[in-house]
Amino acid sequence: MGLNEKILIFTSLLNYLSSEKVYIFDVFKRKGLTEDWNKDNSQCDGVSSWYFDENDQASPRFQVCFTRNCFLESPSYPITSINTVYADAKFTGRYCNALPKPNPDCGENITVNAIMLDTFPNTKTHNTPTEKEINFPVMDDLKVPIPQKNGRPPSFFDAKETITYDNKLNKTFIRLLFDSKMGCGGVSDLEVYYYKCPSTTSSLAVFGDINAPTYSENVKEYQGKCVDNAFQVVDEPLTMKCLWNGTIASTTGQCICLQGYEKEGNECKKCDSQHFKPTQGNEKCTQCGLNSRSSTNRATCNCLHKYKREVSEANNPLAVCYKIPDISSAIVFLNITSSSVEITWSHLSQVNKTNIYIVDCNDCPSGVLPKSTTNKFITINGLGSFADYEISVTFSSEVSRMIGENQTSEFQSFQTLPGVPGKVRNLMQKSLDNGKVELSWDPPFAKGNNIITYLLTYGGSTKKTTLTTHILDPDVEEQTFSVEIAAQVSVGGQLLTGESSTFKEKIHVKGGAALDMAIGVGVGVVLLVIIIGIVAFYIYRKKNLKAINDDDGGKVEMKETSTYGKVLENPFENDENSGPEINPNSL
């Protein structure tokens with residue numbers, strides 16, 4: 001016999017040991033023989049009908065002897081989803097040849113009918129169609145003689161047989177009907193049961209607790225599934241072959257644990273908080289690096305709160321996590337002047353050459369800060385006057401540089417004293433529609449004092465303003481200016497002027513707007529001259545009319561005169577070509 005055959009036989013034996021026989025209980029939760037079985041003796045013909053014999057308390061039985069048409073009916077047993085029902089029946093009978101007087105009608109068999117139905121309870125109608133009818137016992141070699149004490153030939157025998165009923169129509173109940181057939185004896189034992197293929201797990205594949213196939217099918221294939229937290233290996237189906245008697249013939253397929261889970265027996269168990277497993281498979285979980293704990297899904301490890309790994313090992317769950325250094329605190333500003341300040345702070349670390357403190361400023365002009373020191377104090381010079389500074393202190397150590405995370409304090413503010421202002425910032429120019437140019441700027445970072453006057457120098461003159469905008473008006477001709485601007489403050493009664501800033505591009509102002517104004521003025525002058533002439537003429541005429549009136553008592557007679565057909569528009573106008581001159585004395 002080959003090795004494969006030996007392994008197959010050994011495996012089959014192990015599987016057979018795991019098969020499960022399930023006894024069917026009747027609806028009253030009783031098994032086997034009970035006194036409340038239905039004894040239908042109304043049509044009996046013979047010596048003794050069915051009765052329940054309890055003389056032997058250890059083995060009660062139903063007795064009958066030499067009768068016809070006597071029936072013993074069991075309760076109804078539930079068989080839902082059961083494929084094949086098995087009944088082990090034990091009968092004690094009397095040999096016909098051992099009777100004192102021969103009886104030609106004597107029999108040694110009992111007929112057993114299996115009645116399968118969908119209703120409950122029992123019925124006395126015995127013509128219900130049956131699945132199977134078996135004569136019990138059917139073979140003489142099953143009869144085991146019962147020896148007598150006096151050495152005489154045995155008169156009685158015991159017989160036992162297993163009867164099978166395939167539930168092909170998926171009925172829900174079964175009951176058994178016994179007919180003595182002129183036998184003399186009794187039913188001493190009856191067990192009704194079925195087989196199940198027990199739940200089993202193989203290669204992390206679980207096959208459920210299912211009923212065995214029918215006796216006639218012999219073997220059937222069932223589908224399995226992976227245990228919790230596992231998944232099926234591709235292209236390898238999970239199947240189990242089970243025999244009629246609950247024996248597991250074979251299983252195929254396998255499952256592996258998900259990431260974060262390790263194989264432990266027939267389960268996939270989640271890694272604990274100190275271990276992780278980043279891949280799928282059945283290998284064991286791995287311990288996390290120092291000062292770290294596994295993530296929620298146990299697929300990696302994360303540093304503890306306020307701990308961090310080296311930059312080069314940031315994604316390595318096995319790497320050590322280092323404690324992040326504390327932040328500097330209690331920043332104090334001392335001896336503030338218009339250009340300097342002394343700064344001190346507190347920190348838990350010890351002063352050494354590897355620990356560096358970096359003092360920096362938020363949104364400050366470059367050149368003065370940041371500055372570094374190994375001490376917990378520093379003096380900063382070269383600051384701007386009357387300027388607002390926001391200062392932070394960053395701690396850098398070997399650990400912080402290794403993990404790439406220096407600790408920076410919150411910003412603390414102070415203001416320097418008044419002094420010379422700084423340069424004006426962010427100079428901008430904007431052309432307007434009317435030819436004007438708008439200049440704008442931001443105050444200097446070092447304001448110098450709270451009130452700032454701005455000096456704008458262009459075109460050979462200087463203009464002053466406290467605003468941060470200025471308009472350049474156009475002239476008759478186009479002009480280009482180079483504009484400088486400086487901040488000026490008063491400190492202790494003394495004017496202090498900062499360094500000038502010059503617009504990067506020269507300011508170009510278009511002409512034409514003043515010429516239009518000049519033309520307008522000229523037109524106005526001409527109109528004014530005309531008006532003055534009219535007024536003068538009016539005064540002149542009035543004056544001459546008055547003189548005439550005075551000479552003639554105020555009477556004047558106007559006669560129409562003509563000179564060669566021409567009407568004089570002004571009778572007082574003497575035209576030498578207009579005819580004879582009028583003598584005032586003749587009027």
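Mentor: Happy to! Both faces of S8 are covered, with Ile 110, Val 112, Ala 114 and Met 116 buried on one side and Thr 111, Asn 113, Ile 115 and Leu 117 buried on the other. Buried means under 20% relative accessible area, exposed over 50%, and partly exposed in between (1.4 Å probe, protein chains only). Strands (E, at least two residues) are DSSP runs, numbered from the N terminus. This is a predicted model, where local features need pLDDT of at least 70, side-chain atom pairs count only at pLDDT 80 or more, and totals for chains, interfaces and linings use all residues. Residues are numbered from 1 along each chain as its sequence is written, and side-chain values use heavy atoms, leaving out hydrogens and water.

Trainee: Which residue in S12 stands opposite Leu 117?

Mentor: Strands pair if DSSP finds at least two bridges between them. S8 and S12 (residues 173–179) run antiparallel, joined by 7 bridges. Opposite Leu 117 stands Phe 173.

Trainee: How are the rings of Tyr 86 and Trp 244 arranged?

Mentor: Rings of Phe, Tyr and Trp (its six-membered ring) pair if their centres lie within 6.5 Å; planes under 30 degrees apart count as stacked, over 60 as edge-to-face and the rest as tilted. Here the centres are 5.9 Å apart and the planes are at 40 degrees, so the pair is tilted.

Definitions and conventions: Helices (H or I, at least four residues) and strands (E, at least two) are DSSP runs, numbered from the N terminus.
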